[in-house]
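Let's take a friendly walk through this structure, from the way its chains meet to what lies inside.

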Protein chains: 2
Amino acid sequence: MSVLTEPFDLTASLAHSAERVEQVLDAITADKPLPGETRRPARLVAAMRHALLAGGKRFRPFLVVECARLFRPDDIEEDGLWRVAAAVECLHTYSLIHDDLPAMDDDDLRRGKPTVHRAFDEATAILAGDALLTLAFDMLAHDDSHPDPAVRADLVAVLARACGVGGMAGGQILDLAAESDKPDADEVRTIQLMKTGALFAAACEMGALWAGAGKDDRAALADYGRMLGLAFQIADDLIDVHATPEMAGKATGKDAGRGKATFVSVLGADLAHDLLGRSVADSELCLARFGDAAQGLVAAARFAASRNR
Amino acid sequence: MSVLTEPFDLTASLAHSAERVEQVLDAITADKPLPGETRRPARLVAAMRHALLAGGKRFRPFLVVECARLFRPDDIEEDGLWRVAAAVECLHTYSLIHDDLPAMDDDDLRRGKPTVHRAFDEATAILAGDALLTLAFDMLAHDDSHPDPAVRADLVAVLARACGVGGMAGGQILDLAAESDKPDADEVRTIQLMKTGALFAAACEMGALWAGAGKDDRAALADYGRMLGLAFQIADDLIDVHATPEMAGKATGKDAGRGKATFVSVLGADLAHDLLGRSVADSELCLARFGDAAQGLVAAARFAASRNR
């Protein structure tokens, strides 16, 4: 395991990560059909690209790569790893498109741009989400992602398990129900662990998997990702309360407006802020076993906490 | 390659296939969370099961198993094969749920029961589709499906490629656009090859893959599936014109009502019927290399043609 001697420059590292991920996303959503495809309809491609290439921190792909760095620090520029990272971003983007739909959170703005169903139409948005979800698995299963098919199958298995009925999709239905169910803080925690924590955990575990990490290291990184996802969600809830739409790049104050159950609504902003600090600390504890090599992941956790008020 | 000496009993074989597939679907959508899952929300599970366990011919899973039979006739009762078959049905069911949504075809009835968004609500239907799409890949990637991870990765790759932007999802957006674009017969053929043919082709190729078939055999069976899918779609279009809702288990006459481009609308019923016959014949030609062992697949193609008027 290599020990980095330079202090970790999170800003530069996130920018590099975003650039690499966007190159993959741009290439994988080109008009030209891939082998086995008939035609890529222009409108669907445009909708996918509208959502995928709208900027964003690319924080989940960054986690994939930083977790891989722990085990194969000399190989993190390999194209296969960035495909895996980009696949996670496709999965995340599908979830944003579907969450924004009129039948779900009914949002008009995302990353400062019209949501897909506003820029195109509802049917196109549903299909763009479906196609991105499918594309994520296509990318992972293809041998460009990793030469070992056992790794590719595991990458698919981890991502699928995290995002289905018992993970992200399940979290979203609980989140919608919570608008009327008035859950307590424990239930909000469960919802957010499913809705956000599961994909963060999967991203971390997938980076470790790609790099050949053992079972215990994978589990520690999945735990780190889960706690970080919780912190990230609490920070988002605080942004919804404190930020202007211009700052957030999306509508704010909507959670309270629709009676959404958030950490802020069940705990109040001060206790939510305390919980944010504790979740970040919990996530860092999971990294102890990796020593200084994990400084990028430590910095990521602190970033998650600091991006609100 | 074994040669079946008994005449192939399609009805009994379809019934057996449906029973085995439904056992897998029932088990895989149980309430209890799988390892790596947090909780399976009751409402989402109910919506998935409403759509999955509503009967249906289970024709695509049947194709998976019949294609595997060509290469490993003694192993077709293995549980792993039926998981693969059931995964294809999950994928198909997701597409039905999303196609039925108000923003798409806006259908109230499917297999004689209310569609998911009518029985539950629109958000639940979107998420049930998402969760079934994700579940299909979860099932394929898990080592219960096949002991060889290279086969599992290939199963995921084939299914994902068939169902994404350049396949099924792309076909659906072209189909929606065709309501106003008034495509010609060639374009309708392309749309239906993507919307229906791609998944039929994938089902056949996946069965062959599971059973260790070589590249040429896989390609022949994919071609068979593609032609059969086309025949199946033409038969569906004819049913929409000729059948009552009671016969079809869903609303009929709707294609013409909404100006949908179908083989019947661009060719007329008689020419569409001729094309159906030719597609079935084309599909049978792809089976020549397999001799008598393919009699189940030949019977399936004839069944697809005979189930209308």
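## Ground rules

Two residues are in contact here if their C-beta atoms, placed from the backbone, lie within 7 Å. Helices (H or I, at least four residues) are DSSP runs, numbered from the N terminus. This is a predicted model, in which local features need pLDDT of at least 70, side-chain atom pairs count only at pLDDT 80 or more, and totals for chains, interfaces and linings use all residues. Residues are numbered from 1 along each chain as its sequence is written, while chains are lettered from A and ligands numbered from 1 in the order in which they are written.

In helix 1 of chain B, B:Arg20, B:Val21, B:Val24, B:Leu25 and B:Ile28 meet B:Trp82, B:Arg83, B:Ala85, B:Ala86 and B:Glu89 of helix 4 of chain B. By class, this contact has 7 nonpolar, no polar and 3 charged residues (Ala, Val, Leu, Ile, Met, Phe, Trp, Tyr, Cys and Pro count as nonpolar, Asp, Glu, Lys and Arg as charged, and the others, Gly among them, as polar).

The axes of helix 1 and helix 4 of chain B, lines fitted to C-alpha atoms over the stretch in contact, come within 9 Å and cross at roughly 75°. The two helices of chain B are therefore roughly perpendicular (65 to 115 degrees) to each other.

## An enclosed helix

Helix 3 of chain B (residues 59-69) has 11 of its 11 residues buried, so it is largely enclosed by the rest of the structure. Buried means that 20 or more other C-beta atoms lie within 10 Å of a residue's own. Among the buried residues are B:Phe59, B:Arg60 and B:Glu66. The cover over helix 3 of chain B includes helix 1 (10-28), helix 4 (79-99) and helix 10 (215-242) of chain B.

## Where the chains meet

53 residues of chain A are in contact with 53 residues of chain B. Helix 6 of chain A gives the most to the side of chain A that touches chain B, with 13 residues. That side has 32 nonpolar, 12 polar and 9 charged residues. Of the interface residues of chain A, 100% are also interface residues in chain B, so the copies meet through the same surface.

Chain A can be laid on chain B with an RMSD of 0.0 Å by a turn of 180° and a shift of 0.0 Å along the axis, with copies superposed by least squares on the C-alpha atoms of residues with pLDDT of at least 70 in both. That is the relation of a two-fold axis. In chain A, the C-alpha nearest the axis belongs to A:Ala153, 2.5 Å from it.

Technical notes. A residue is buried if 20 or more other C-beta atoms lie within 10 Å of its own, exposed if 12 or fewer, and partly exposed in between; C-beta atoms are placed from the backbone. Axes are lines fitted to C-alpha atoms, for helices over the stretch in contact, and angles run from 0 to 180 degrees between N-to-C directions. Angles under 35 degrees count as roughly parallel, over 145 as roughly antiparallel, 65 to 115 as roughly perpendicular and the rest as oblique.
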